[in-house]
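This briefing concerns a predicted model. The points that follow are grouped by topic and are meant to be read beside the structure.

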Amino acid sequence: MGFFYLGINKSSTKYIVYAAVLCFALGFEHIYNIFAIYLATGFHVLFLFLKEKKINYNYITKSLIFYIISIPSFLYYFFV
């Protein structure tokens, strides 16, 4: 969550990729933690939208990068 926070606030995509890779690795060991991470990141972005009173598409793009990289480990448990 710390790398995700840095990636959103410092406008650096490399931190988002770090967070996604760590979430991907964590997903194979502790799948129940993925739910908490997805909820926390989603609510963080939602809170930023409400705070700024506008939709910032940069946040959406970075969130999608995070979810696309980390979701295969989440889907693995549903299909295997």
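In this predicted model, helices α3 and α4 cross with a left-handed sense. Their axes come within 11 Å and cross at roughly 165°, and since that angle is over 145 degrees, the two helices are therefore roughly antiparallel to each other.

**The contact of α3 with α4**

- On the α3 side, the contact is made by Ile31, Ile34, Phe35, Ile37, Tyr38, Thr41, Gly42, Val45, Leu48, Phe49 and Glu52.
- On the α4 side, the contributing residues are Tyr59, Ile60, Ser63, Phe66, Tyr67, Ser70, Ile71, Ser73, Phe74 and Tyr77.
- By residue class, the contact comprises 15 nonpolar residues, together with five polar and one charged.

**The largest nonpolar core**

- The largest nonpolar core has 15 residues, and those touching the most other members are Phe4, Ile8, Cys23, Tyr38, Tyr59 and Phe66.
- Two or more residues of this core come from each of α1 (2-9), α2 (13-29), α3 (31-52) and α4 (57-79), with α3 giving the most, namely six residues.

**Thr61**

- Thr61 lies in helix α4, and its relative accessible area of 44% makes this residue partly exposed, a class that falls between under 20% and over 50%.
- Although Thr61 and Thr13 are 48 residues apart in sequence, their C-alpha atoms are 9.8 Å apart in space.

Definitions and conventions
Residues numbered from 1 in each chain as written. Predicted model: local features only at pLDDT ≥ 70, side-chain atom pairs only at ≥ 80, totals over all residues. Heavy atoms only, no water. Core = buried A, V, L, I, M, F, W, Y, C linked by side-chain atoms within 4.5 Å. Buried < 20%, exposed > 50% of the residue type's maximum accessible area, 1.4 Å probe, protein only. Helix = DSSP H or I, 4+ residues; strand = E, 2+ residues; numbered from the N terminus. Axes fitted to C-alpha atoms, helices over the stretch in contact; angles between N-to-C directions. Parallel < 35°, antiparallel > 145°, perpendicular 65-115°, else oblique. Left-handed = near helix turned anticlockwise from the far one by under 90°. Contact = heavy atoms within 4.5 Å. Nonpolar A, V, L, I, M, F, W, Y, C, P; charged D, E, K, R; others polar.
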